[in-house]
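Please look over the model below. A short report on its local features follows.

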Amino acid sequence: MKIGLDVMGGDFAPDATIQGAVLAREQISSNDRIFLFGPSDIIESKLKEIGADSTGFTIVHSPEIVGMGERPIKAFTQKPNSSIANGFKYLKSKEIDSFSSAGNSGAAMVGAMYSVNTIQGVIRPSTLGVIPRENGGMNIILDIGTNPDIKPDVLYQFAILGSLYSEYVLNVKNPKVGLLNIGEENEKGNLLCQSAFRLMKDSKDFNFFGNIESRELFSDKVDIFVCDGFTGNIVLKQIEAMYSIMLRRNLVDDYFSRFDYENYGGSPILGVNGSVVIGHGISNAKAIMNMILQSKQLHESGITKKIKRAMNKYTQSK
């Protein structure tokens, strides 16, 4: 497998990204290869600096750099030889099988949507987050910020995307979908949730549980929490904030240690024609390593092909 990494993406790049790539190289098969996108002189210098064997990598010279604060579309179009732009070019041409970046998340989304393109039938691609269950296992929540303003049919599709990810990447059999709401009663919520509930309640495309409250985020009542990106982003950042407080107060046990973002690497973009993972901007070497391994797992699950089949079935039934 050929795994792509944006070496210049992230607050601590290129040191953290190179170190993370070296750690990932130790975890994968000798038949796998990591493609490093960035200025070749910097990459070679950093590999030499830490005494890493460069033979396990393919360096793709990408002299331009997209900064974290640059406007996504402008940066992507005006810097065609940037590490992130070249990564998506290689993914589109199938010279690599997956691509990940902890850099400008907006540019990554632009690259995913307009380079490898959205899967036919998908209205809006989605990013998801993982939430550890108290009794073991993992829940997912989507969307987590990509789509703050959406319509009910987009929420319906998020349920399809989340169900496929839960089943084929997390190996959950017949996963349950909950619509995140302020109450469990059928008529609860704002107009978006009320309309989405009516679409979802008799669905044959996924296993719909019904409305679900945020108090159940860490339980096993459902496997997938579906919401708009505005709500999902607030939920995820609130969880991150509580974890940070507990860490500072030395209140972290075995369960709460599972909330450390380093363990998961990043957020996959579901609904595009390729395996793409967006990492946290503050990613350290461990987080970069897990981001690379996550992108490998995403590709090996065949999730993109499964989404294509599901969306073809969905559009034909409408």
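Is Asn117 exposed, partly exposed or buried? Asn117 counts as partly exposed, because its relative accessibility is 34%. Buried means under 20% relative accessible area, exposed means over 50%, and partly exposed lies in between (1.4 Å probe, protein chains only).

This is a predicted model, in which local features need pLDDT of at least 70 and side-chain atom pairs count only at pLDDT 80 or more, while totals for chains, interfaces and linings use all residues. Residues are numbered from 1 along each chain as its sequence is written, and side-chain values use heavy atoms, with hydrogens and water left out.

**Backbone exceptions**

Most residues other than glycine have a negative phi, and most peptide bonds are trans. Helices (H or I, at least four residues) and strands (E, at least two) are DSSP runs, numbered from the N terminus.

| Residue | Phi | Place |

Asn174 is exposed, because its relative accessible area is 52%.

Cis peptide bonds also occur. One runs from Ala13 to Pro14, with omega near 0 degrees. Pro14 sits in the loop between β1 (2-6) and α1 (15-27). Another cis bond joins Leu142 and Asp143, with omega about 10 degrees. Asp143 belongs to the loop between β6 (138-142) and α6.

**Nonpolar cores**

A nonpolar core is a set of buried Ala, Val, Leu, Ile, Met, Phe, Trp, Tyr and Cys residues joined through side-chain atoms within 4.5 Å. The largest one has 55 residues. Leu36, Leu155, Met200, Val226 and Ile307 touch the most other members. Helix α6 (residues 152-168) gives this core its largest share, nine residues. A second, separate core has 22 residues, including Ala75, Phe99, Ala107 and Val116.

**A buried lysine**

Lys306 is part of helix α10 (residues 303-317). Which side chain of opposite charge is nearest to Lys306? That is Glu167, 8.8 Å away. Lys306 is buried, yet has no salt bridge. A salt bridge is a side-chain nitrogen of Lys or Arg within 4 Å of a carboxyl oxygen of Asp or Glu. Lys and Arg count as positive and Asp and Glu as negative; His and the chain ends are not counted. Leaving aside neighbours within four places in sequence, Lys306 is in contact (heavy atoms within 4.5 Å) with Leu164, Tyr168 and Ser301.

On a 1 Å grid over the protein atoms alone, a cavity is a set of points where a 1.4 Å probe fits but cannot get out, and a pocket is an open set with protein on both sides within 12 Å along at least five of seven lines; lining residues have an atom within 4 Å of a point. Grid points are joined across faces, edges and corners, and a volume is the space filled by probe spheres set on the points.

By this rule there is one cavity of 30 Å³ or more. The largest cavity has a volume of about 40 Å³. Its lining includes Ile269, Gly271, Leu298 and Ile307. Helix α10 gives the most to this lining, with three residues.

The largest pocket has a volume of about 840 Å³. Of its 35 lining residues, Ile144, Leu236, Glu240, Ser267 and His280 are the closest to its centre. Among the elements that each supply at least two residues to the pocket lining are α8 (229-248) and β11 (275-279).
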